[in-house]
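These are my notebook entries on a structure that I went through element by element. I kept them brief and grouped them by topic.

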Amino acid sequence: MKIKTACLLGLLLLGHRWAFSQLLNENDAAFTRADSLRGSLTPLRTCYDVGFYHLNIRVNPQTRSIAGNNLIRFKVISSFERFQLDLYDTLSIDKIVYKGKNLPFTREFNAVFVQFPSTLALGSIQEVKVYYHGVPTVAKRPPWDGGFVWNKDVQGKHWVGVACQGAGASLWWPCKDHQSDEPDSMAISVAVPKDLVEVSNGRLRGKKTLPGGYERYDWFVSYPINSYDVTINIADYASFSDIYQGKNTKPLTLDYYVLRENLKKAKTQFAQVKPMMACFEKYFGPYHFPRDGYKLVETPYLGMEHQSAVAYGNKYLQGYLGAATSPWGLKFDYIIIHESGHEWWGNSVSSKDMADMWIHESFTTYAEALYVECMYGYPAALTYMNAQKGNIGNEEPIIGPYGVNKEGSGDMYNKGMLLLNTLRNVVNDDKKWFAAIYGLSQEFKYKTTTAEELIASFNKYLGKDYTYFFDQYLRHAQLPKLLLYYVEKDGNIFATFRWETDVPDFRMPVKITTAKGKYEFIEPTTEFKTILLKDLPFEELHIATDLFYMDSEVAPKYFDPKATD
């Protein structure tokens with residue numbers, strides 16, 4: 001179905017990244033027991049650490065059902081007899097097997113509580129296998145709400161995908177569905193009708209013909225992986241491959257799976273991948289999952305950052321479904337660049353809690369701007385970033401509530417990008433700035449982290465404490481507001497200024513004009529300060545708002561500049 005241009009422009013005016021972040025119902029004012037069971041780290045979850053999954057399922061597109069099992073290998077962190085798994089109650093559990101015997105279990109909402117026959121020893125490695133079946137949740141509006149997408153291509157063949165960020169992997173497979181615990185590796189075996197192709201994360205290790213006209217695809221992920229990144233893609237795919245040779249790295253395989261009718265278009269559109277890889281390697285280091293390779297897979301929904309199998313549904317158009325808020329946004333395919341940026345930020349550097357999804361989205365949206373800078377220069381990147389300001393609400397904090405599987409404001413995309421660019425200009429040292437970005441990417445590679453940990457490391461790399469900065473931009477809805485007043489007195493011209501903020505010790509330096517056409521740093525605090533201006537008319541008093549994302553009040557005032565009220 002074609003989307004008319006008017007609809008696209010309307011989508012942009014509403015802020016497409018706002019929509020991307022609305023993975024849960026934003027109207028829910030209170031959190032339920034179900035939210036806590038899903039989002040909190042109780043002793044029934046912290047008592048074990050998942051090391052490996054082997055998900056082995058059969059997908060029947062005709063009945064829109066799945067059936068199979070998941071082997072869960074884990075290490076006992078603290079001795080226990082009972083632990084929590086997660087699986088939506090729309091799916092039936094047939095049995096849970098431990099050492100050849102069925103374990104008793106109970107279910108509350110989407111949580112599964114499993115009882116072991118005796119206490120599991122501290123430090124021991126254990127395995128359970130969960131057998132299940134059913135009709136998984138269907139996504140009503142993918143990828144913004146989670147679930148399966150059952151579609152067909154122009155030839156009438158099945159075209160199936162799944163996207164479950166926010167809603168959770170447990171809507172279709174049993175796991176420990178919390179971002180803090182990623183398996184070190186994972187096997188994914190998916191059986192599909194033999195006239196179709198199945199693509200999942202990682203490397204294809206083999207295929208096996210099964211009875212009943214099915215073929216099983218066996219994939220292996222050799223790195224830690226977020227549970228919501230685990231995916232299946234089923235269609236009559238055509239495929240082609242390429243190689244990217246980075247600096248001082250082994251060749252990286254690039255594999256593309258697309259609908260057959262789109263093969264020619266894909267070969268043209270996906271040529272953007274190699275220059276993208278070069279740009280991201282420059283800023284963040286080499287691709288973080290080289291053993292598993294890089295794949296783009298055409299999906300019946302817009303896109304998702306599925307690790308090493310990035311979902312692509314942007315209809316082979318530039319920008320976001322063919323539209324952008326600046327000319328620079330039409331220089332690239334938004335889904336290719338943004339979702340691939342998550343291979344560094346989100347898939348590799350991951351947040352422990354949904355509340356800190358800004359770590360995924362702010363840095364990845366900033367990666368878009370860095371791609372523009374890499375290809376076209378910093379002025380182009382500034383235009384690209386500042387054109388997104390109209391899509392920011394500043395109504396809720398970027399960091400969400402912890403422990404209830406709830407992310408913060410959708411401003412984590414565009415506001416997150418602009419706050420990072422603001423901090424870059426506050427630091428005013430690109431060598432130090434880019435070393436910090438690179439350092440974060442390497443330090444937290446294959447790890448889950450928190451806002452506090454990441455900000456502490458940022459401060460370390462930058463050599464200065466910017467906690468006040470992050471507190472204002474991430475933990476409060478409103479922007480810092482600079483009160484800047486132009487004062488004439490006794491033949492002299494002054495500027496008096498202070499910050500109006502939620503954070504009491506906010507002290508961000510910012511550039512203003514101190515003479516006609518000349519920008520210099522001032523260092524406002526929450527108390528008024530005064531500087532002398534040089535023959536500057538009021539009309540020429542400006543703030544460098546293209547470099548600093550902030551609110552301001554600039555006005556001529558006639559009062560004693562020594563006043564502090």
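Which order do the strands take in the open sheet of four strands with mixed pairing? I looked this up in what is a predicted model, and I read the order as β27-β24-β23-β28. At the edges I found β27 (529-532) and β28 (551-556), each with a single partner strand, so one side of each is left without a neighbour in the sheet. As an example of a bridge I picked K481, whose partner in β28 is D551.

Next entry, on another sheet. Here four strands are arranged as β9-β10-β15-β12 in an open sheet, and I recorded the pairing as antiparallel. The edge positions belong to β9 (147-152) and β12 (197-200); each has a single partner strand, so one side of each is left without a neighbour in the sheet. From one strand to the next I noted an average twist of 15°. Inside this sheet I checked the contact between strand β10 (residues 158-163) and strand β15 (residues 232-235), where I found two bridges and an antiparallel course. Across from V160 I found I234, which belongs to β15.

Next entry, on aromatic rings. I work from the general point that a pair of aromatic rings is described by the distance of the centres and the angle of the planes. The count came to 52 aromatic pairs. One of them is W345 with F363, which I logged as stacked, with 4.5 Å centre to centre and 20° between the planes. This pair links distant parts of the chain, since I placed W345 in the loop between α7 (334-341) and β21 (349-351) and F363 in helix α8 (residues 358-376), 18 residues apart. Are the two partners buried or exposed? W345 has 0% relative accessibility and therefore counts as buried, and F363, with a relative accessible area of 1%, is buried as well.

I also looked for charges over rings. R58 has its charged end over the ring of Y214, at 4.3 Å from the centre of that ring, and K267 has its charged end over the ring of F240, at 5.7 Å from the centre.

Next entry, on S65. I located S65 in strand β2 (residues 65-76), and I found a polar contact of 2.6 Å between its side chain and the side chain of T63. Leaving out residues up to four places away in sequence, I listed the residues that S65 touches as R58, V59, N60, G134, V135, P136 and W150.

Helix α9 (residues 378-386) is mostly covered, with seven of its nine residues buried; among the buried residues I noted Y378, L382 and M385. In helix α12 (residues 451-462) I looked at A451, which counts as buried because its relative accessibility is 0%. Not counting residues up to four places away in sequence, A451 touches D356, W358, I359, I399, Y402 and R475. For a separation I took A451 and I232, which lie 219 residues apart in sequence and 31 Å apart in space, C-alpha to C-alpha.

How values were computed:
Residues numbered from 1 in each chain as written. Predicted model: local features only at pLDDT ≥ 70, side-chain atom pairs only at ≥ 80, totals over all residues. Heavy atoms only, no water. Phe/Tyr/Trp six-rings, centres within 6.5 Å; stacked < 30°, edge-to-face > 60°. Buried < 20%, exposed > 50% of the residue type's maximum accessible area, 1.4 Å probe, protein only. Lys NZ or Arg CZ within 6 Å of the ring centre and 35° of its normal. Polar contact = N/O pair within 3.5 Å; in protein donor to acceptor, adjacent residues only side chain to side chain. Contact = heavy atoms within 4.5 Å. Pairing = 2+ DSSP bridges. Axes fitted to C-alpha atoms, helices over the stretch in contact; angles between N-to-C directions.
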